[in-house]
Amino acid sequence: MTYREIFTNGLWKQNTGLVVLLGLCPLLAVSNTVVNAIGLGLATTLTLVFSNLAVSLARPALRPEIRIPAYVIIIASVVTVLQLLMQAWFHDLYLVLGIFIPLIVTNCAIIGRAESFASRNRPLPSIVDGLATGLGFCLALVALGALREIIGKGTLMSHASLMFGAWGESLQLTVIPDHPGFLLAILPPGAFIGLGLLIAGRNWLDARLAQNRQALQLESTPHET
Amino acid sequence: MRSMLRSAAALGLVALTGTALLAGVDFMTADRIAAQERRVVLEQLGQIVPQASDDSLLDDKITVKDERFFPNGQQVTIWRARDHGKPLAAILKFNAVNGYNGDITLLAGINANGSLRGVRVISHKETPGLGDAIEVEKSSWVLGFSGKSLENPARERWSVKREGGEFDQFTGATITPRAVVHAVRLALEYFEMHQEVLFAAPAETSGSSGQ
């Protein structure tokens, strides 16, 4: 598999959030603002990169009968390290994301990539796969977060100071001035409806791309006379 | 048999590596995390007692339990602010338990004369857009507590307006502000009864401050 294929798989064809639908719990729960979405998305991406790397390195020692417990230990260690680092350096964001940081452990997408990719590939492709899968998940999270934040609060990037410190204040955009707020988008039902819309949108785009490709192919085939 | 042993050794090695990594990172970050946690508490206390910026307030604290005033077995932390050794104010951290959705954690500063210095909401799970107007970032409602005491308004008026009390409710949300008002009133009553004991009790050593 080429790196290009790994990236198109992670970001589009096999997107964890929109196609494979793994890790829905954090996806739905933390996507109420863009900043929360970026925070959890990046933490998940880092976890994927390091757990894939570790699994790939440990590959020669991981016999089939111990591979699952080994994945669990590796992933739990990586997540706990990230949690400690975040507590130390991004404390306010950590307080907001709270329980969803340790819960990254239970995101099946991570053990999924360990089993289906990292345990069968060399370290470098495994890192790239972790990065691509993580960015794909992050993208889905941010898209859903932006959708819900704009509709629900009329803003984008509110509370950016949690992640970027004082200068983050200037990142906040008011998309809809004097928006009275649309509660449904912020509450859990908004997450489900928003995710449904995103999946529908992705499928629609995919179908159109396939159609265009077909049309191109038809044109380029030489006509028999 | 040999292959089983080899598997066990491999798994043990993975676990050992993970543990070593965690121990190392914990060692590196422990001080910084403790400092961050102190900063967060200090920022919260500072909203009520601005002169709390000196660290002494943080360590001058006790923990109490009293089911009559703080139900559901809560551990209530009380920080004591002093002015040259004289009691100035106490800051209580407690939960309002009958909110709309779970506990509402509150911080209430009470002056030595029994009047409120201020109330802040530390955390809650009330409905966004309705009950969350108790947050100082969302509305000024919670600032209305400043200066109030058990005499002002009178005890029986310590409720929301819908129940004939003194405090505003929000449009579409009565339960949340009512829970906060009742919990603050109970805290004031607790302070009134125990004030002298509270300030006389020896401070907890910081070693036992773990959660």
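1. Let's start with a helix pair: in chain A, helix α8 (residues 123-153) packs on helix α11 (residues 188-220) at an angle of about 120°, and their axes are 10 Å apart. Here axes are lines fitted to C-alpha atoms, for helices over the stretch in contact, with angles running from 0 to 180 degrees between N-to-C directions. The two helices, α8(A) and α11(A), are therefore oblique to each other (under 35 degrees is roughly parallel, over 145 roughly antiparallel, 65 to 115 roughly perpendicular, and the rest oblique). On the α8(A) side the contact is made by A140(A), A143(A), L144(A), L147(A), R148(A) and G152(A), and on the α11(A) side by G190(A), A191(A), G194(A), L195(A) and L198(A). Two residues are in contact if their C-beta atoms, placed from the backbone, lie within 7 Å. By class, seven of the residues in this contact are nonpolar, three polar and one charged. Ala, Val, Leu, Ile, Met, Phe, Trp, Tyr, Cys and Pro count as nonpolar, Asp, Glu, Lys and Arg as charged, and the others, including Gly, as polar.

2. A word on provenance: this is a predicted model, in which local features need pLDDT of at least 70 and side-chain atom pairs count only at pLDDT 80 or more, while totals for chains, interfaces and linings use all residues. Residues are numbered from 1 along each chain as its sequence is written, and chains are lettered from A and ligands numbered from 1 in the order in which they are written.

3. Now the overall picture of chain A. Its secondary structure comes to 11 helices and two strands, arranged along the sequence as α-α-α-α-α-α-α-α-β-α-β-α-α. Helices (H or I, at least four residues) and strands (E, at least two) are DSSP runs numbered from the N terminus. The C-alpha trace of chain A spans about 65 × 60 × 30 Å along its principal axes.

4. How does chain A meet chain B? The contact takes 21 residues from chain A and 18 residues from chain B. On the chain A side, α5 (67-89) and α10 (183-186) are the elements that give two or more residues. The most come from α5(A), with 11 residues. That side of chain A divides into 14 nonpolar, five polar and two charged residues.

5. Finally, have a look at S170(A), found in the loop between α9 (161-164) and β2 (173-174) of chain A. S170(A) counts as exposed because it has 11 C-beta neighbours inside 10 Å (exposed is 12 or fewer other C-beta atoms within 10 Å, buried 20 or more, and partly exposed in between, with C-beta atoms placed from the backbone). In chain A, buried residues make up 40% of the 225 residues.
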